[in-house]
Amino acid sequence: MTVLVLTSDEDVTADLVVARLNDTGIPVVRLDPADLPGGITLSGEYAHGAFRGYLSAGDRVVSMAGLRSVWLRRPGVPGARAAVPSGWLTEEASQALYGMLRSTGARWMNHPDAAARARHKPWQLRLAQHSGLQVPATLITTFPHAARDFARRFPDLVVKPVSGAHPQEPPRVVPTSRVAPDVDFTAVALGPTLLQHRVDKRADIRLTAVGDRILAARKAVAPGAHPDDIDVRFAPSEEPWRPVDVPPLVAEAVHRYLREAELAYGAFDFAEDPDGAWWFLECNQSGQFGFVEMDTGQPIARAVADWLAGP
Amino acid sequence: MQLFVLNYARPAEQLEVSAPYSYDRALQLNVLPGGRIAAHDHAVMREFGSTTSTAGSKTHFDD
């Protein structure tokens, strides 16, 4: 039985898992849906009450019935590298590929439906609350007066994109940023804006959940760090990620979150406050983990490979 | 006037040199010129930020 990995060629984090699967003798087919049609071929027949199909990439062929699991890691857009790409072709290729894969009994990390839903930050915040995680006061609004009122009630705010996406053309990044107390909120009317009460954090926590297994790492805020350097992804810091135990109540809540979200994998971000409490920021359903594994030595890739290789 | 959150945007850093590894379709892995698996070379991974939380952010927003 084969593990199917859907991701881009340049995804070196996926390499950690593919290499591990290779070491354990589990067959792997890795492909990027962007190569359908072209580098990927597929065929599926629904006849006589049965479904039979196969996929091939290069010289590797796998039958749909022979799929053990599917890792939906960082796949390209189907049809994106076709000779004549189009929105219509993308929809056709996407429906054919994912429709057939949904027709199999393979386990998913993560199922496309669960993955699509889990990307919505407003939904994440509500699910985190329901699951028992502490969530900083948050407002998502297009009303400038609502933003002003929120800023009065929660005087120290950060702003971040609702989607987590970074704008292109030109390529830019939007770090989570501190909002000045006297800021003009008029531009909130131009698009949904996410404002959140700033956690006075002493550390960032990255908790990686793989099936029932959770591994957490902590990166202390460097002494003398500038208070406006909020976003750990962009803040200059020599502090390494170090393994940290997960408080039992947080662990229970994380498991609840994953069950409710129907996720087999999730990379949670928390901010640790001066009392040691962990505040939920987001859950990245396909979040990176290589940078944590390199610092901590935690066997995250092995955990992913073990899950994918499971029964 | 622009979207409120874009007041906090900054230009994305572009690496001036490309990563020293390439995808090997036969192995289904990225390899260095000597054939070593790139992901196992932590020095290269750190230098090029290949596994950081923002790697691939242009096309995927699950940091």
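This is a predicted model: local features need pLDDT of at least 70, side-chain atom pairs count only at pLDDT 80 or more; totals for chains, interfaces and linings use all residues.
A residue is called buried here if 20 or more other C-beta atoms lie within 10 Å of its own.

**First stop: strand β13 of chain A**

Select residues 203-210 of chain A, which form strand β13. The strand is mostly covered, with eight of its eight residues buried. Orient the view so that the side chains can be told apart: Ala203(A), Ile205(A), Leu207(A) and Ala209(A) point one way from β13(A). Asp204(A), Arg206(A), Thr208(A) and Val210(A) point the other way, and these too are buried.

**Second stop: the four-stranded sheet**

Move to the open sheet of chain A whose four strands follow the order β8-β12-β9-β11, with antiparallel pairing. Its edge strands are β8 (138-141) and β11 (177-179) of chain A, each of which pairs on one side only. From one strand to the next, the twist averages 30°.

Inside this sheet, select β9 (residues 157-160) and β12 (residues 193-197) of chain A, an antiparallel pair with four bridges. Leu157(A) can be found opposite His197(A) in β12(A). Now display helix α5 (residues 144-153) of chain A, which packs on the sheet and touches β8, β9 and β12 of chain A. The direction of α5(A) makes about 170° with that of β8(A).

Select residues 121-131 of chain A for helix α4, and colour its buried residues: Gln124(A), Leu125(A), Leu127(A), Ala128(A) and Ser131(A). Against what do the buried residues of α4(A) pack? Their partners are β8, α6 (248-261) and β17 (278-284) of chain A. Just after the helix comes Gly132(A), with a positive phi of about 100°.

**Fourth stop: a pair of helices**

Two packed helices are described by the angle between their axes and the distance between the axes. Select α1 (residues 12-23) and α8 (residues 300-309) of chain A; their axes come within 9 Å and cross at roughly 60°. The two helices, α1(A) and α8(A), are therefore oblique to each other. The crossing of α1(A) past α8(A) is right-handed.

To see the contact, show Leu16(A), Val17(A), Arg20(A) and Leu21(A) on the side of α1(A). On the side of α8(A), show Ala301(A), Arg302(A), Val304(A), Ala305(A), Leu308(A) and Ala309(A). By class, the residues of this contact are eight nonpolar, no polar and two charged.

**Last stop: chain B**

Finally, switch to chain B, which has one helix and three strands. Followed from the N terminus, its elements run β-β-β-α. What share of the 63 residues of chain B counts as buried? The figure is 27%. Of the contacts in chain B with a separation of 6 or more, 13% are accounted for by residues 24 or more positions apart.

How values were computed: Residues are numbered from 1 along each chain as its sequence is written. Chains are lettered from A and ligands numbered from 1 in the order in which they are written. Axes are lines fitted to C-alpha atoms, for helices over the stretch in contact, and angles run from 0 to 180 degrees between N-to-C directions. Angles under 35 degrees count as roughly parallel, over 145 as roughly antiparallel, 65 to 115 as roughly perpendicular and the rest as oblique. A crossing is left-handed if the near helix is turned anticlockwise from the far one by less than a right angle, and right-handed if clockwise. Two residues are in contact if their C-beta atoms, placed from the backbone, lie within 7 Å. Ala, Val, Leu, Ile, Met, Phe, Trp, Tyr, Cys and Pro count as nonpolar, Asp, Glu, Lys and Arg as charged, and the others, Gly among them, as polar. Two strands pair if DSSP finds at least two bridges between them. A residue is buried if 20 or more other C-beta atoms lie within 10 Å of its own, exposed if 12 or fewer, and partly exposed in between; C-beta atoms are placed from the backbone.
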